[in-house]
Amino acid sequence: MAALASLLPQPVHAPIEDEEEVQAPVTTALAPAVVIPPYGQRNGWRPSKQADFGDGGAYPECHVAQYPLDLGKKKANPGNTLALQVDAEGNVRYDAIAHQGHRDDRRVQSQFKDLVPIAHRSDLTDEDRQMERPSEEEVQATADRTRAALEKLVTGKIKAAQPKNVPDSTGKSSFVRYTPSQQNGSGMNQRIIKITEVVEDPMEPPRFKHKKIPRGPPSPPPPILRSPPRKATAAEQKEWMIPPCISNWKNNKGFTIPLDKRLAADGRGLQDVRTRYSHTSR
């Protein structure tokens with residue numbers, strides 16, 4: 001085998017090594033170490049990223065809003081803002097707001113070309129101008145659904161118009177075999193009796209008048225513990241005495257009211273008026 005290999009010429013191309021044998025050099029890029037100043041030397045330093053917290057809490061000596069592990073941070077609401085869109089020709093689609101909130105298969109006509117008849121539009125081909133018609137199966141399925149919906153509505157209207165409780169005009173009948181206990185010698189020992197219920201007239205007024213019986217006495221109220229009544233003294237009667245009202249405008253009875261009582265009722269005596277008189281000597 002070695003002699004045969006020595007007789008063969010050298011290969012023109014280098015041999016292809018297996019992918020498993022080829023091992024690419026692994027380069028490990030070390031992340032830059034985060035340098036956090038020690039406690040007491042953080043004047044002017046502010047945490048700007050999550051690595052500054054080191055899987056810990058906030059720094060109370062840094063008077064800024066801090067959100068370690070994004071705790072308490074409000075997420076930005078995207079809102080209803082639409083992204084700027086362009087059509088195939090590169091023009092801005094200002095009608096994108098009209099398509100918002102509709103399903104994908106709904107066609108919204110929001111351009112001027114939608115007003116032009118299909119036969120006169122130049123941007124459509126002959127295949128696009130031909131309207132796609134539904135198949136026979138789709139037409140039949142739609143007709144069946146429409147018929148079922150209409151039948152449901154009509155059936156509901158008919159049932160609502162029909163009376164619910166229709167009285168029987170003849171009444172219920174039943175037959176009973178009757179055997180008398182005393183036989184008088186007649187040949188009729190047994191009889192068959194037909195019992196029929198009397199049909200009630202729905203428009204007949206009530207036969208009995210129901211009177212409401214007054215309610216019985218309720219349970220006795222709980223006793224109220226009070227001191228025994230005592231006679232008012234002369235001083236208490238004097239305190240409870242209310243003087244009569246004296247008016248300076250009305251005197252229907254024509255009573256003679258002293259002037260001091262009128263002045264007291266007017267309230268002028270309650271006002272304290274001080275008057276200074278300046279005496280000038282000539």
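These legends describe close-up views of one predicted model.

Local features need pLDDT of at least 70 and side-chain atom pairs count only at pLDDT 80 or more, while totals for chains, interfaces and linings use all residues. Residues are numbered from 1 along each chain as its sequence is written, and side-chain values use heavy atoms, with hydrogens and water left out.

**View 1. Glu132, Glu136, Glu137 and Glu138 form a negative surface patch.**
A patch takes residues with over 30% relative accessible area and no salt bridge; like charges are joined within 9 Å, and nonpolar side chains (Val, Leu, Ile, Met, Phe, Trp, Tyr) within 5 Å. Accessible areas come from the Shrake-Rupley method with a 1.4 Å probe, and for residues only the protein chains shown count as cover. Asp and Glu count as negative, Lys and Arg as positive; His and the chain ends are not counted. Glutamate 138 sits in helix α4 (residues 136–161). Helices (H or I, at least four residues) and strands (E, at least two) are DSSP runs, numbered from the N terminus. Glutamate 138 is partly exposed, at 47% relative accessibility. The cut-offs are under 20% relative accessible area for buried, over 50% for exposed, and partly exposed in between (1.4 Å probe, protein chains only).

**View 2. Leu84, Val86, Val92 and Tyr94 make a nonpolar surface patch.**
Its area is about 480 Å². Tyrosine 94 lies in the loop between α1 (2–7) and α2 (96–99). Tyrosine 94 is exposed, with a relative accessible area of 71%.

**View 3. Arginine 42 is buried.**
Its relative accessible area is 15%. Arginine 42 is in the loop between α1 and α2. A polar atom of the arginine 42 side chain lies 2.9 Å from the backbone oxygen of proline 37.

**View 4. Aspartate 95 and arginine 93 pair in a salt bridge.**
A salt bridge is a side-chain nitrogen of Lys or Arg within 4 Å of a carboxyl oxygen of Asp or Glu. Here the N to O distance is 3.7 Å. Aspartate 95 is buried at 11% relative accessibility, whereas arginine 93 is partly exposed at 31%. By this rule the count comes to nine salt bridges.

**View 5. Lys113, Arg121 and Asp123 are linked in a network of salt bridges.**
In the bridge between aspartate 123 and lysine 113, the closest N and O atoms are 4.0 Å apart. Both residues lie in the loop between α2 and α3 (126–129), so the pair ties together parts that are 10 residues apart in sequence. Aspartate 123 is partly exposed at 44% relative accessibility. Lysine 113 is also partly exposed, at 38%.

Technical notes:
The place of a charge is taken as NZ of Lys, CZ of Arg, CG of Asp or CD of Glu. A polar contact is a pair of N or O atoms within 3.5 Å; within protein, one must be able to donate a hydrogen and the other to accept it, and residues adjacent in sequence count only if both atoms are side-chain atoms.
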